[in-house]
Amino acid sequence: METAFIIEKLVLVVVVFVLTLVIAMYSTLAERKVAGFMQDRKGPDRAGPFGILQPLCDGGKFFFKEEIIPAGAHKSLFIAGPTLAIITACISSAVIPWGQPISIGNRVIELQVADVNVGILYIFGVVALGVYGIMLGGWASNNKFSLMGAIRAASQSISYEVAMGLSIIALLMVTQTLSIREIVAQQSGFVNWNIWVQPLGFLIFITCAFAECNRVPFDLPECETELVGGYHTEYSSMKLGLYMFSEYINMFVSSAVMSALYFGGYNFPFMNQLGLSPNWIAIIGVVVFFVKIIAFIFFFMWIRWTLPRFRYDQLMNLGWKILIPLAIGNIVLTGIITLIKDTYW
Amino acid sequence: MEPLSNRKKVLAQKPMNFWEKIYLPAIIKGMGVTIRHFFMKKATFSYPEVERPYSKNYRGMHSLKRDEEGRERCTACGLCALSCPAEAITMISAERKKGEEHLYREEKYAAVYEINMLRCIFCGLCEEACPKEAIYLDGPHVPADYLRKDFIYGKDKLVEERFDFQTPKELAENIKNNESKQINLTL
């Protein structure tokens, strides 16, 4: 492996990491702003113009808070919980292609940290690991509410991962590949976006994404009215901050995955008719990709401040009795349509 | 049983139809409501910079009034203290001396007049009881403070500023300002 390649990838990793953290940081502000605006309030606007320094203040506050580890807690696992949560949240963005390759001189720089040919499986694996963070934290707290929250998180993640995987299978039948880079490359322009061929699959996927991110209306693991604070009841200081942060990073990554899989990633309408040089198209593509991601994050928040929380049995009913049969039906339907298309066209 | 009010309504628990069952139309409707509110005018006032106007009949901080010649109207009759349900008002009366006619309207006046703003419930009964039209709750709200003793407002804070100290021009301006804010800021 040549040195330039390693440097290139390292720079990309750092940039992606910093971007992820910054976006997650400002998602917390955006969440409060969106909440305020939807409730006819202004939201935080005191720290800096329009409150843009609010996330820094919150972060600083988290660092200076007293850190409490309960006497009955399993100390090492208690610390491992938030660590695992934030690590799994951060590494899942590795396989997302942020843009078309940029060529500088005769070097071609891929705007993707790792082009794994089973990219989707990698993301699924990492997302599935994410539940360990919650589960460990909840169990190690030695608190029944934390444990209840953790158990809910585990069962919810497992239930919705099934439907999510099945909805992705229908997509894979269309795209014929597991590599996210190839999937995005196939969706060039506007009419090739996978949302046009897999609308039902997208609906199932986004519902499951809400559940996987533990967002309202599926935020039962931390449902305040029943479980005090859910799995992070006993957490304080930056450990709590890390749990919160990992939730926002998960939201960012799932927004990126959704826009890559269904909404064309860095592709935008009329990209090939503009007559721009490939580098310019790549740069605009990156911007467009981030606009899509931010739109999805806004959508997450929009839903949060619109819908009430599901009851636990309703959640399970929706997952097992509605989404999974729908996803299987979607697979069958996709298969039939593909078969008809292949034989008669 | 005989219905008492004829307002009884039997609610039909009819099963949801297909569109209601899949929730999506309802969710989209709900999202429409929230996005409409997103672009609505906000009810928030950024307080220290922007002050919300008080309503016309707002009962705020008390002010002890002067008559048209700038003399204190209060005659220390004690009716306000008597009418006060929270027992917030205390006063010590004194007799007007020779040469003080330009300060006090009646022969008797309040040498000390104190209202405990922590006790006051801003009911306005003192205002109603006053036979001399000397006390009105026409100020802004009482500001926060750190010590209990600072909430006992004496004459220095309650008595209106003398408007014979103001030139007619200032007076006219003050009245205009007060009218526009619908509050009397001169204490």
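With a relative accessibility of 16%, Asn143(A) counts as buried, where buried stands for under 20% relative accessible area, exposed for over 50% and partly exposed for the range in between, computed with a 1.4 Å probe and protein chains only. The model is predicted, so that local features need pLDDT of at least 70 and side-chain atom pairs count only at pLDDT 80 or more, while totals for chains, interfaces and linings use all residues. Residues are numbered from 1 along each chain as its sequence is written, chains are lettered from A and ligands numbered from 1 in the order in which they are written, and side-chain values use heavy atoms, with hydrogens and water left out.

**Exercise 1. Locate Asn143(A) in chain A, and find the side chain that it contacts.**

Solution. Begin with the position: Asn143(A) belongs to the loop between helix 4 (119-140) and helix 5 (144-175) of chain A, where helices (H or I, at least four residues) and strands (E, at least two) are DSSP runs numbered from the N terminus. Then turn to the side chain, which is joined to that of Glu234(A) by a polar contact of 2.7 Å. Such a contact is a pair of N or O atoms within 3.5 Å; within protein, one atom must be able to donate a hydrogen and the other to accept it, and residues adjacent in sequence count only if both atoms are side-chain atoms.

**Exercise 2. Give the number of salt bridges over all chains, and state which parts of chain A are tied together by Arg304(A) and Glu31(A).**

Solution. A salt bridge is counted when a side-chain nitrogen of Lys or Arg lies within 4 Å of a carboxyl oxygen of Asp or Glu, and the whole structure has 16 of them. In one of these, Arg304(A) meets Glu31(A), with 3.1 Å between the closest N and O atoms. Since Arg304(A) lies in helix 10 of chain A and Glu31(A) in helix 1 (residues 3-38), the pair ties together parts that are 273 residues apart in sequence. Arg304(A) is partly exposed at 24%, whereas Glu31(A) is buried at 4%.

Glu106(B) forms a salt bridge with Arg105(B) at 3.7 Å, N to O, and another with Lys132(B) at 3.4 Å.

**Exercise 3. Derive the strand order of the open sheet in chain B, and say which strands stand at its edges.**

Solution. Two strands are taken to pair if DSSP finds at least two bridges between them. Strand 2 and strand 3 (residues 108-116) of chain B pair in the antiparallel sense over 7 bridges; among the partners are Ala94(B) with Tyr109(B) and Met91(B) with Tyr113(B). Strand 3 is joined to strand 5 of chain B, also antiparallel, by 2 bridges, and here Asn116(B) stands opposite Ile152(B). The order of the 3 strands is therefore 2-3-5, in an open antiparallel sheet. Strand 2 (89-95) and strand 5 (152-153) are at the edges, each with a single partner strand, so one side of each is left without a neighbour in the sheet.

**Exercise 4. Describe the pairing of strand 1 and strand 2 in chain A, and name the residue of their hairpin that takes a positive phi.**

Solution. Strand 1 (residues 99-104) and strand 2 (residues 107-111) of chain A run antiparallel and are joined by 4 bridges, with Ser103(A) having Val108(A) as its bridge partner. The hairpin has 2 residues between the strands, and Gly105(A) takes the positive phi, near 60°.
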